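Welcome, and thanks for taking a look at this protein with us. Please have the sequence and the model open side by side as you read.

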Amino acid sequence: MDRELEDAEEGLNTAVYAELRTRLVTGRMAPGHELSTRGIAAELGVSQTPVRDALSRLSAEGAVSIRSKRRVRVPPMTSERFEDLLRCRLMLEPEAAALALPHLDAAHIARLREIDAALDAAITSGDTDAYMKTNHDFHFTLYRATGRRTMTQLIETLWLQFGPFMRVVHGRVSGAHLNDSHQAAIRAVEARDASALRTAIAADISDGMGLIGRNGLATTHEALTA
């Protein structure tokens, strides 16, 4: 019986953690946003214990900042943090995509095309939720194919920290300015060209994060923390 209770508790903790991760990656929690343990628990229909456990894990990953038992927030974006995240993404993600290449088959390519079509539709319609989700799905369909769990987890940690800010920027620019290199990445996968795939993913990251810089990181930061 004790074992069953432990398994149930572990499953609940995992579920709450996964839900909060999803909210961060898709930007449903904005930079500077104050989080209420009690409020989240009530919303999810759980006690505060699994919420505190999840927030502690997310704090260790740099996704939230715990100031006290009652003060938890999503960290604001700064120029220094932005540059650090950009550098780390450019080091890890193109390489992860290239390592995935031998494991990508026709089913993966079909899935990537399906996701990219959904992403284009989200941009056209201005659906921020769908854009954030499909963009994440595209990249991680590639990265998870590597079978390299540690590398994928490191990349996920970067997305946890960047997702909230990316959503804010997406909401401030028109879809016409949201160019991506996903089609180039798909062509590289079809051609089995690791170098071209690295280039496409690096360009996608640089262009997307460059969009943030062009739209004024400092101005956005001031607005979020005012």
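The report below goes from the overall fold to single residues.

**Ground rules**

This is a predicted model, in which local features need pLDDT of at least 70 and side-chain atom pairs count only at pLDDT 80 or more, while totals for chains, interfaces and linings use all residues. Residues are numbered from 1 along each chain as its sequence is written, and side-chain values use heavy atoms, with hydrogens and water left out.

**The overall picture**

The protein has 10 helices and 3 strands. Both kinds of element are DSSP runs numbered from the N terminus, with helices (H or I) of at least four residues and strands (E) of at least two. Read from the N terminus, the order of elements is α-β-α-α-β-β-α-α-α-α-α-α-α. Of the 226 residues in the protein, 46% are buried. Here, buried means under 20% relative accessible area, exposed means over 50%, and partly exposed is in between, with a 1.4 Å probe and protein chains only.

**The sheet**

The 3 strands make an open sheet in the order E1-E3-E2, and the pairing is antiparallel. Strands E1 (34-35) and E2 (65-66) are at the edges with a single partner strand each, so one side of each has no neighbour in the sheet. Two strands count as paired if DSSP finds at least two bridges between them. E2 and E3 (residues 72-73) pair in the antiparallel sense over 2 bridges, and serine 65 has arginine 73 in E3 as its bridge partner. As background, strands of a sheet pair through backbone hydrogen bonds, either parallel or antiparallel.

Helix H4 (residues 79-100) has 22 residues and spans 31 Å from its first C-alpha to its last, close to the 32 Å expected at 1.5 Å a residue. That expected span is 1.5 Å times one less than the number of residues. H4 also bends by about 25° at arginine 89; the bend is the angle between axes fitted to the seven residues ending there and the seven starting there. Buried residues of H4 include Phe82, Leu85, Leu86 and Arg89.

**An aromatic cluster**

How many aromatic pairs does the structure hold? There are 2. Rings of Phe, Tyr and Trp (its six-membered ring) pair if their centres lie within 6.5 Å; planes under 30 degrees apart count as stacked, over 60 as edge-to-face and the rest as tilted. The table gives the geometry.

| Pair | Centres apart | Angle of planes | Class |
|---|---|---|---|
| phenylalanine 140 and tyrosine 143 | 5.4 Å | 75° | edge-to-face |
| phenylalanine 140 and tryptophan 159 | 5.3 Å | 80° | edge-to-face |

Phenylalanine 140 and tyrosine 143, by contrast, are 3 residues apart in H6 (residues 128-143), so about one helical turn separates them. Together, Phe140, Tyr143 and Trp159 form one aromatic cluster. Phenylalanine 140 is buried, with a relative accessible area of 1%, and tryptophan 159 is buried at 8%. Tyrosine 143 is buried too.

**Charged and polar side chains**

The charged end of arginine 57 sits over the ring of tyrosine 17, 3.6 Å from its centre. For this, NZ of Lys or CZ of Arg must be within 6 Å of the ring centre and within 35 degrees of the ring normal.

Two polar contacts are worth a visit. A polar contact is a pair of N or O atoms within 3.5 Å; within protein, one must be able to donate a hydrogen and the other to accept it, and residues adjacent in sequence count only if both atoms are side-chain atoms. Histidine 182, in helix H8 (residues 182-191), is buried with a relative accessible area of 0%, and its side chain is joined to that of aspartate 116 by a polar contact of 3.1 Å. Glutamate 156, found in H7, is buried at a relative accessible area of 15%, and its side chain makes a polar contact of 3.3 Å with the side chain of arginine 21.

**Two last stops**

Arginine 192 lies in the loop between H8 and H9. Its phi is near 60°, a positive value in a residue other than glycine, and arginine 192 is partly exposed, with a relative accessible area of 40%.

Aspartate 207 is in helix H9 (residues 194-214) and is partly exposed, with a relative accessible area of 40%.
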